[in-house]
Amino acid sequence: MVNTGTIIYEPGSSAKNKTGSWRVFKPVLDQDKCVKCENCYIFCPEGCIQEKDGKFEIDYDYCKGCLICEKECPVKAIKAEREEK
Ligand code: SF4
Ligand code: SF4
């Protein structure tokens, strides 16, 4: 939950503010198509794509659904799906 006026009272507290709740579209990564080029990791403005055990994963708690990752993936391994609420 973001405070009124988006004031941050405690330094370093932004990780507690999960910002992925207003997405309209959700990027879904197909691990079988992924060639591990790192483009999505480099271009994600939220820093919410991470490599874990040799796989790239999207942290949906922070992903805002801008779909830059989908546009930058050279092999179309990321597809946008409408978010179900
Ligand atoms: S949709 Fe945007 S915020 Fe979400 S993982 Fe892709 S680049 Fe990052
Ligand atoms: S941009 Fe596409 S191919 Fe490259 S690491 Fe991300 S999902 Fe994999």
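Q: How many helices and strands are there in the chain?

A: In this predicted model, the chain has two helices and four strands. Read from the N terminus, the order of these elements is β-α-β-β-α-β.

Q: What are the dimensions of the box that the C-alpha atoms fill, and what is the accessible surface of the chain?

A: Along the principal axes, the C-alpha atoms occupy a box of roughly 40 × 25 × 20 Å. The accessible surface amounts to about 6,100 Å², and 53% of that surface belongs to carbon and sulfur atoms. Of the 85 residues, 27% count as buried. Among contacts between residues at least 6 apart in sequence, 68% join residues at least 24 apart.

Q: Why does glutamate 83 count as buried?

A: The relative accessibility of glutamate 83 is 16%. Buried means under 20%, and therefore glutamate 83 counts as buried. Glutamate 83 lies in the segment after strand 4 (78-82). Leaving aside residues up to four places away in sequence, glutamate 83 touches Arg23, Val24, Phe25 and Lys26.

Q: Why is lysine 55 called partly exposed?

A: Lysine 55 has a relative accessible area of 42%. The partly exposed class lies between the buried limit of 20% and the exposed limit of 50%, so lysine 55 is partly exposed. Lysine 55 belongs to strand 3 (residues 55-58). Residues up to four places away in sequence not being counted, lysine 55 touches Gln31 and Gln50. Lysine 55 and serine 21 are 34 residues apart in sequence, and their C-alpha atoms are 24 Å apart in space.

Q: Why do lysine 36 and lysine 76 count as partly exposed?

A: Exposed means over 50% and buried under 20%. Lysine 36, at 43% relative accessibility, falls in between and so counts as partly exposed. Lysine 76, with a relative accessible area of 48%, is therefore also partly exposed.

Q: Which residues make the nonpolar surface patch?

A: Tyr41, Ile42, Phe43 and Ile68 make a nonpolar surface patch of about 370 Å². Helix 1 (residues 39-43) gives the most to this patch, with three residues. Isoleucine 68 is located in helix 2 (residues 68-72).

Q: Which residues of the largest nonpolar core touch the most other members?

A: The largest nonpolar core has 13 residues, of which Leu29, Cys40, Ile49 and Phe56 touch the most other members. Core members must be buried, which means under 20% relative accessible area. Leucine 29 touches Cys34, Phe56, Ile58, Ala77 and Ile78, with residues up to four places away in sequence not counted. In soluble globular proteins, nonpolar side chains tend to be buried together.

Notes
Residues are numbered from 1 along each chain as its sequence is written. Chains are lettered from A and ligands numbered from 1 in the order in which they are written. This is a predicted model: local features need pLDDT of at least 70, side-chain atom pairs count only at pLDDT 80 or more; totals for chains, interfaces and linings use all residues. Side-chain values use heavy atoms; hydrogens and water are left out. Patches are made of residues with over 30% relative accessible area and no salt bridge: like charges are joined within 9 Å, nonpolar side chains (Val, Leu, Ile, Met, Phe, Trp, Tyr) within 5 Å. Accessible areas come from the Shrake-Rupley method with a 1.4 Å probe; for residues, only the protein chains shown count as cover. A salt bridge is a side-chain nitrogen of Lys or Arg within 4 Å of a carboxyl oxygen of Asp or Glu. A nonpolar core is a set of buried Ala, Val, Leu, Ile, Met, Phe, Trp, Tyr and Cys residues joined through side-chain atoms within 4.5 Å. Buried means under 20% relative accessible area, exposed over 50%, partly exposed in between (1.4 Å probe, protein chains only). Contact means heavy atoms within 4.5 Å.
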